[in-house]
Amino acid sequence: MAKLILSGDLSIFRIELVIRILEAVKFDGEVAIEALERGQIFMLQGKVVGARTAMDQGLGALAPITTQRAGTFSVRQTTADEVTRHPDLVALPDNASIFRQLAAQAAQTRVSQVTPPHAAPPQMPQPGMPAAAPAAVPAAAPMRPPAAQAAVPPKPKTPVPAGPMGRVPELTDKGKVTIRSIQTNAAMRGVQVEADNWRILGKVDGNSSLFHISGMLNILGDRFTDAVEQLQTEGYIRFQAHDPGLENLQKRTETKFRFGEYMVAKGIITEVQLEAALRRQQDLARRGRYMWLGEILIELNYARPSQVQEALAVQKRMGS
């Protein structure tokens, strides 16, 4: 059973420092990080051998959670058999190598973000040569670093399609609550999500297009579009109203009566109460008991039977 032995504030104790301390005592167990990016780091005999977040594991998960400077950490001791291992971290010889690898990746990312497109360096006149002389010198003659001569212009970026895949999704309030729940389950219980729709939801940041998200996750074709449609239909993501290519998806959903949304729009329940009722419905379904949303709202005292009957009458008139 895990035993809590240390906890603290990330604004005072950086994760690198915590790992060095645990390395010195040959620690076996896990370090749980509660911050914007939640996750766990696993150690065996003081060496980092595993890491995971809600959406990644191994070295890829270690990078975002070790750079955070706000939040808390807690250290729990376990047996060696209970320590989770990931091959890419196990393969590195020590913690110093791991952090060098992380630093190199971070530096490479920064360089790729600020490096301008390839351009030849300005032509410099040779010492002692009159100012007009360089014009008579062939273009290859002026002093130029050898690396610049051998440099290959970067490949042009793959253009983002202008159609539906060029749309940029953003999280709704329901989507944000769901992401926090997924991250909490991953950090506290080690529950990883595998379904396409939840993996896609984890990459929605309001900046990345569907095209880029599809490429990052390698989920393509109808498999990707079906998952996106499910996320939008169920209210986890939305697109800008003027977003090109949205019309087809809207036509499929705009005439469908949404019972829960109707109850919120009428002021009968709040969005928080709707979320609680939907969670209750899902929990019951997992146990083999199926109830209509209206029945659950009455059971939870969120709505009166007459209000539910009125909503059902509206639904019937709309033919949904």
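Begin by selecting residues 29–34 and 39–44, strands β2 and β3, which are joined by a hairpin through 4 residues; strands here are DSSP runs of E with at least two residues, helices are runs of H or I with at least four, and both are numbered from the N terminus. This is a predicted model, in which local features need pLDDT of at least 70 and side-chain atom pairs count only at pLDDT 80 or more, while totals for chains, interfaces and linings use all residues. Residues are numbered from 1 along each chain as its sequence is written, and side-chain values use heavy atoms, with hydrogens and water left out.

Strands β2 and β3 run antiparallel and are joined by 5 bridges, two strands being paired if DSSP finds at least two bridges between them; Gly29, for instance, has Met43 as its bridge partner in β3.

Where does β2 stand in terms of burial? Of its 6 residues, 5 are buried, so the strand is largely enclosed by the rest of the structure; buried means under 20% relative accessible area, exposed over 50% and partly exposed in between, with a 1.4 Å probe and protein chains only.

Now show the open sheet, whose 5 strands follow the order β1-β5-β2-β3-β4 with antiparallel pairing. Strands β1 and β4 (47–53) stand at the edges, each with a single partner strand, so one side of each is left without a neighbour in the sheet.

Finish at Phe13, in the loop between β1 (3–9) and α1 (15–24), which is partly exposed at a relative accessible area of 37%.
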